[in-house]
Amino acid sequence: MENQEQNYEDFISTVSHELRTPLTSIRGFSQTMLASWDKLDDESKKKFIKIIEEQSLRLINLVENMLAVTKLHSKNIYIFNETNIKPLIEQTITIVKSKYSSQKFDFSCPEKLPNIFADKDKFQQIMTNLIENSAKYSPEGSTTEIAAYEQGESVIICVTNLGIHIDKDDYDKIFTKFSRIDNPLTRKVQGSGLGLYITKTLTEKMGGSISVKSEPVANSEYDRITFTLSMPVKNIEEQARIKCNQ
Ligand SMILES: Nc1ncnc2c1ncn2[C@@H]1O[C@H](COP(=O)(O)OP(=O)(O)O)[C@@H](O)[C@H]1O
Ligand SMILES: [Mg+2]
């Protein structure tokens, strides 16, 4: 119980901090504009409004992510079906590419890949988080490789990008709530640190697993960072088990 209370307090204090930072900047820039409207040139006004817009977007993302977190553990939000992942991954790449136009994506997938047994929307949420991260945390103009293949009773999806080395000690940490690694590539983009926590929880709720690996690249300041997702293939026994539990 004490532990739970501590977790709750930590959660509230982190959330308050995460909310306060963008709010302070929205308030500060609005106040400056109100107080000095006549003295500011158009370019400065535009710059300040842009900051306000970005910070509001940051708040919206944070609130959406927090809502996603609260829903993660509610029952009956998972609708399991045979899911063909190829078109879902292609769609996700198109969406992320439209947001991060300088980043490149290379998707490889065999002609015949078995369907996975999962919730289609949740799977797409997982892929969006992983592919968006790869675009955000890799050097500009680099390529994210996405590969899907069958392995035993699972389909494996690897998402690999160049990025700043992640210490082995941080492999587990980045999947926890609000954790971000401070480095030049993460500092220049905004994030709540909730994405991988949501991703891991959704994955595990659907019987899958996820892990990360950071490997050095010869003559490069960057590592190859790979997120490996394993999702169960449709399986009659599993299907029956899930139906029984509903
Ligand atoms: N593909 C990636 N390459 C390099 N670092 C990553 C990648 N994905 C995640 N990270 C690191 O893990 C942290 C947590 O990611 P995430 O939970 O999605 O939160 P957010 O994106 O909001 O920061 C990121 O801040 C970043 O430091
Ligand atoms: Mg993220």
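One spot to look for is Asn 161, which stands opposite Ile 225 in E7. Keep in mind that you're looking at a predicted model.

In what order do the strands of the open sheet run? There are five of them, and the order is E2-E4-E5-E7-E6, with mixed pairing. Two strands sit at the edges, pairing on one side only: strand E2 (104–108) and strand E6 (209–216). If you step from one strand to the next, the twist averages 15°.

| Strand pair | Sense | Bridges |
|---|---|---|
| E2 and E4 | parallel | five bridges |
| E4 and E5 | antiparallel | seven bridges |

Start with Lys 104, whose bridge partner in E4 is Thr 143. Then try Ile 146: the residue bridging to it from E5 is Val 159. E4 and E5 form a hairpin with two residues between the strands, and in that hairpin Gly 152 takes a positive phi near 60°.

Next come the helices on the sheet. Helix H4 lies across E2, strand E4 (143–151), E5, E6 and E7, and H4 runs at about 20° to E5. Helix H6 (residues 195–205) also packs on the sheet, where it touches E6 and E7. The direction of H6 makes about 130° with that of E6.

The helices pack on one another as well. Take helix H3 (residues 85–99) and helix H4 (residues 120–136): their axes are 9 Å apart, and the packing angle is about 40°. Because of that angle, H3 counts as oblique to H4. Their crossing is right-handed. On the H3 side, the contact is made by Ile 85, Leu 88, Ile 89, Gln 91, Thr 92, Ile 93, Val 96 and Lys 99. H4 brings Lys 120, Phe 123, Gln 124, Met 127, Thr 128, Ile 131, Glu 132 and Ala 135. What kinds of residues make up this contact of H3 with H4? They split into nine nonpolar, four polar and three charged.

Now compare that with another helix pair. Helix H2 (residues 42–72) packs with H6 at an angle of about 25°, and the two axes are 10 Å apart. So H2 is roughly parallel to H6. This time the crossing is left-handed. From H2, the residues involved are Asn 65, Ala 68, Val 69 and Leu 72, and they meet Tyr 197, Ile 198, Thr 201, Leu 202 and Lys 205 in H6. Sorted by type, the contact of H2 with H6 has six nonpolar residues, two polar and one charged.

Finally, step back to the whole chain. Where are the domains? The chain is divided into domain 1, covering 2–72, and domain 2, covering 80–245. Between the C-alpha centres of domain 1 and domain 2 there are 27 Å. The two domains do touch: 13 residues of domain 1 are in contact with twelve residues of domain 2.

Key: Residues are numbered from 1 along each chain as its sequence is written. Chains are lettered from A and ligands numbered from 1 in the order in which they are written. This is a predicted model: local features need pLDDT of at least 70, side-chain atom pairs count only at pLDDT 80 or more; totals for chains, interfaces and linings use all residues. Side-chain values use heavy atoms; hydrogens and water are left out. Axes are lines fitted to C-alpha atoms, for helices over the stretch in contact, and angles run from 0 to 180 degrees between N-to-C directions. Helices (H or I, at least four residues) and strands (E, at least two) are DSSP runs, numbered from the N terminus. Angles under 35 degrees count as roughly parallel, over 145 as roughly antiparallel, 65 to 115 as roughly perpendicular and the rest as oblique. A crossing is left-handed if the near helix is turned anticlockwise from the far one by less than a right angle, and right-handed if clockwise. Contact means heavy atoms within 4.5 Å. Ala, Val, Leu, Ile, Met, Phe, Trp, Tyr, Cys and Pro count as nonpolar, Asp, Glu, Lys and Arg as charged, and the others, Gly among them, as polar. Two strands pair if DSSP finds at least two bridges between them. Domain bounds come from an automatic or database domain assignment.
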